[in-house]
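Here are my notes on the model you sent over. Have the structure open while you read.

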Amino acid sequence: MKSYTITVNGVAYDVTVEETGSVSAPVAAARPAAAPKAAPAAAPKAAAPAGGAGSVKVAASVPGKVVSIAATVGQAVKAGDSIVVLESMKMEIPVVAPQDGTVASIDVAVGAAVENGDTLATMN
């Protein structure tokens, strides 16, 4: 038997692995080594402006972090123009305008964490 300490998402587990002579998967038993840490509190999200919201929502296609905002409120954009750039899994992913129009609101700030489907901006 071999014992290992494995950390998963900040929680340490003591794992004992029994080695067998066959090629099948080893049998393992895991138990938490210490009490899990409390998850960090999520940053509050910016509320969408009530008066300037447009009818077309521009939503995040992946969870990530806002690294830049490429458009400004009132700017005319064409379909495919970048509005916001997200960082997800160490890649920068542009979020583009779904159609021609004018940016009515930008509902996030640089550095904000967003989830899949969150509204990043609205257009008219």
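Predicted model: local features only at pLDDT ≥ 70, side-chain atom pairs only at ≥ 80, totals over all residues.

1. Residues are numbered from 1 along each chain as its sequence is written, and side-chain values use heavy atoms, with hydrogens and water left out.

2. The protein chain has 11 strands and zero helices. Both are DSSP runs numbered from the N terminus: H or I of at least four residues for helices, E of at least two for strands.

3. Buried residues (under 20% relative accessible area, 1.4 Å probe, protein chains only) account for 25% of the 124 residues. The accessible surface (Shrake-Rupley method, 1.4 Å probe) is about 8,100 Å², with 58% of that belonging to carbon and sulfur atoms.

4. Take contacts (heavy atoms within 4.5 Å) between residues at least 6 apart in sequence: 49% of them join residues at least 24 apart.

5. Now the open sheet: four strands, ordered β4-β11-β9-β6, with antiparallel pairing. Strands count as paired if DSSP finds at least two bridges between them. At the edges sit β4 (56-59) and β6 (76-77), each pairing on one side only. β4 is joined to β11 (residues 119-123) by four bridges, and V58 has A121 as its bridge partner there.

6. β5 (residues 64-69) is worth a look too. Two bridges pair β5 with β10 (residues 113-114) in the antiparallel sense, with G64 partnered by V114. β5 also runs antiparallel to β7 (residues 82-88), joined by four bridges; here V66 partners L86.

Note on methods:
Buried < 20%, exposed > 50% of the residue type's maximum accessible area, 1.4 Å probe, protein only.
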